[in-house]
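Subject: Structure handover

Hello,

Here is the structure I promised to pass on. Please open it next to this email, and read the notes with the model in view.

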Amino acid sequence: MHTHARSRLSGYLAIGFAVGLLVAACGPAATSPSPAAPGTDEPMSPSPATDAPSGSLTMISSQLVPVAEAEKMQNTILANFAGEVQFVGADSGPFNDQIRAQEEAGTGDISLIGGLHGEFSAFAAEGLLMDLSDVVAEVGDVNAEYLELGKLGTEQQIYIPWMQNTYIMAARQEAMEYLPEGADLNALTWEQVSEWGAAITDATGERVLGFPAGPDGLWHRFFQGYAYPAFTGGVNTTFASEAAAGMWSWLTDTWSTSVNPQSTTYSFMQEPLQSGEVWIAWDHAARLIEALRNMPEDIVAFPAPAGPEGRAFMPVVAGLAIPNSAPDPEGAKELIKYLLSAETQATTLREVAFFPVITADLPGDLEPGTQAEQEAIATMTSASDALPSLLPIGLGDQGTAYNQVFRDAFQQIVLDGGDPATVLPERLPDLQATFDASGAACWPPDPPSDGPCQAQ
Amino acid sequence: MARRLGWAPYVLLVPSLVYLLLFFAAPMFQAFGLALQDPAGNYSLTSIERMLRDVNFSNALVTTLALVVLVLPLQLVLAMAMALVVNAKLKGSGLWLFVFAIPLGISELAAGIVWVSVFTQRGWLNSVLQNLGLIDRPIVWQSAESMWLLITLVVIAEAWRATSIIMIILVAGLQSIPPEFLEAAEVYGAGTWQKVRRVMLPMLRPALLVALVLRTILAFQVFATVIALAGSGLHVLAGEARLWATSIDNDNVAAAYAAVILVLSIVSTIAFLWLLPVREEQQI
């Protein structure tokens, strides 16, 4: 039954992601990589890996960057691999820099890249990645929609799907008695969450909603994948719309009545949930898992609430790719096969709470915390009003500046008390600059665009 | 005399000169260069303009200056008191020096994290206050809604962490004051306070100057304590430089922020040298 639920979950996330991307692919500038095919002057196979330390292989990743996750990856998930692997988790800036620097130098340590669809589409457009078609047959039953996405609309397999995740909600049991009358935890609206928080503040005097608005929190994703699409139906094309102003007013009101003002120090919601500083939280599933594991009786996971335009959520699919400049491409291919084996996918789920992309049954049962997350995700992705909202596509190294636009708007409107009607138009040029610099077309839920996305 | 030394002093100066040029002057000019370029590498004021209209620029500037103004006098008074305790040659003064110097061995970020466990909503401070019956429910100290409260927390953490470096400099200064001066003061009937005020402080001026300059420059660079205690609720110049360099990945705007810190450091150093000139009789 567990495994059945797992493959169902995998299917739902896949459909959400695939539908979104296929819509995006209609836009002309979406993904037109100029892959490094044999015959181009791009070096397909670099000089033999004589200068690389024999047996040691370096993997750089924009995922599993937090120290605890990176440590589990290095010491547990990679422990049974036949060779020695050096796992390097890197924030977006250094991640892009190191991969491009290695390509420019033509030599370096990085043999395998773990990253997101949007990051790979940028690397592929620059011809940095190797064709992995020959690996597909050897890794077996990977989710077919994800594999198709990994081709980026070409004949080649640019990346191999690795693991998937999304963002959900979690709450402490003592919050349940304050749930608004008639509200269904599995089908909440954001307005109901506000009422819920306000009811707790009224009763206890404490503000117990929590968001990861700290420097290392994934707060920008809340706006890009949840608040904006749920309230406005879009992100970039509705950035300064009236509906957006409504969303910001809702957040400002909610913040001042029921959000813990210490939220600007939170990077992971699992800690304040466990300590009781926060009773109701939104965060990445991998950043809630410790709370659900340590206190399965006291903390529950549930789907993200809906707004007027639907139950928006952001599916995250991470993949694996090999750069043309890899010193050890064969070792990297072995590592891909290892990471996609049923055992390793199960270990990955257990250790860092990233869900599998393979369709095979995983060995072993899920413990309650992971089980709870999985059910919340399945309910969310299969909801009738589900609205998948994708991670940015095609922004490349503009992705970080893009995120900052949302964090700046939050600072100005919610923390500094600015009027959304004046702040949002002020931030528009910064948003547009990221599209103009990268040439990124709009991605779902925004309608596809001819040429760079036009922020509105 | 000088002629007999010949070139020797200059030759001896060369290694430190090369070191300074290589690791201080060169990066400094590079930073100014970067700040005056746009991300494409063309010389323009784009990055400076971007910094000036950054949402957090004025916040960061005000907070940084406020921190310097608040931390510095507090630390000077504390460090002077600590240095006098160490210098008083009480029983076990070696132990005092050791205890006072402990924070020197703790990194800025680690100190910040220790203070987080004190000030967080379910932290030590609230537990103690609640157990003493002084408060009914936990107070949110690290609230982004109260900038001055956050600044106070950072001042406390910084004062704890970085006072000992000033103390060490002052202890060295105190110990180099010839005992004859103090004995002479005693002969003329000076009390303890008069000795501190009329003999020690004037003789300490060179040490104080070094301590002030050093501490001010370090205070302009503070950010790990701020990030640990205030998260994104409080902005300082060095924190913004870090944000632009690593999170936003725009080295030019980061360099512009660094240049502001550099200019502030240079200006404050010159100001201290001008305000606290060391007269010849104060040089021991």
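Predicted model: local features only at pLDDT ≥ 70, side-chain atom pairs only at ≥ 80, totals over all residues.

**Chain A overall**

Chain A has 16 helices and 11 strands. It is 456 residues long, and 57% of them are buried. Look also at contacts in chain A between residues at least 6 apart in sequence: 79% of these join residues at least 24 apart.

Where they touch, domain 1 of chain A puts in 24 residues and domain 2 of chain A puts in 26.

Which elements of domain 1 give two or more residues to the side that touches domain 2? They are α3 (92–105), α4 (117–125), α14 (368–381) and β11 (386–388) of chain A. α14(A) gives the most, with 9 residues. By class, this side of domain 1 has 12 nonpolar, 8 polar and 4 charged residues.

**Where chain A meets chain B**

Here 25 residues of chain A are in contact with 20 residues of chain B. On the chain A side, α3 and α15 (399–415) are the elements that give two or more residues. The largest share comes from α15(A), with 7 residues. The class count on the chain A side is 5 nonpolar, 15 polar and 5 charged residues. Note that α3 of chain A is also listed on the side of domain 1 that touches domain 2.

**Two helix pairs in chain B**

Start with α6 (residues 108–119) and α8 (residues 147–175) of chain B. They pack at an angle of about 130 degrees, and their axes are 10 Å apart. α6(B) and α8(B) are therefore oblique to each other. The crossing of α6(B) past α8(B) is right-handed. From α6(B) come B:E108, B:A111, B:G112, B:W115 and B:F119; they meet B:L153, B:A157 and B:R161 of α8(B). That contact has 5 nonpolar, 1 polar and 2 charged residues.

Now go to α10 (residues 192–220) and α13 (residues 251–275) of chain B. Their angle is about 165 degrees, with the axes 9 Å apart. Angles over 145 degrees count as roughly antiparallel, so α10(B) and α13(B) are roughly antiparallel to each other. This crossing is right-handed. On the α10(B) side are B:L209, B:L212, B:V213, B:T216, B:I217 and B:F220. They meet B:I261, B:L264, B:S265, B:S268, B:T269 and B:F272 in α13(B). By class, the contact has 8 nonpolar, 4 polar and no charged residues.

A:A321 sits in strand β10 (residues 316–321) of chain A. Is A:A321 buried or exposed? There are 26 other C-beta atoms within 10 Å, so A:A321 is buried. Leaving aside neighbours within four places in sequence, A:A321 is in contact with A:I113, A:F120, A:L129, A:I158 and A:Y159. A:A332 lies 11 residues away along the chain, and the C-alpha atoms of A:A321 and A:A332 are separated by 8.8 Å.

**Backbone points to check**

Most residues other than glycine have a negative phi, and most peptide bonds are trans.

- A:L152 is not a glycine, yet has a positive phi of about 50 degrees. A:L152 is in the loop between α6 (144–149) and β4 (160–165) of chain A. It counts as buried, because 24 C-beta neighbours are inside 10 Å.
- B:D249 is not a glycine either, and has a positive phi of about 65 degrees. B:D249 is in the loop between α12 (237–247) and α13 of chain B. With 22 C-beta neighbours inside 10 Å, B:D249 also counts as buried.
- The peptide bond from A:P444 to A:P445 is cis, with omega near 10 degrees. A:P445 lies in the segment after α16 (420–438) of chain A.

Over to you.

Best wishes

Terms used
Residues numbered from 1 in each chain as written. Chains lettered and ligands numbered in written order. Axes fitted to C-alpha atoms, helices over the stretch in contact; angles between N-to-C directions. Helix = DSSP H or I, 4+ residues; strand = E, 2+ residues; numbered from the N terminus. Parallel < 35°, antiparallel > 145°, perpendicular 65-115°, else oblique. Left-handed = near helix turned anticlockwise from the far one by under 90°. Contact = placed C-beta atoms within 7 Å. Nonpolar A, V, L, I, M, F, W, Y, C, P; charged D, E, K, R; others polar. Buried ≥ 20, exposed ≤ 12 C-beta atoms within 10 Å, placed from the backbone.
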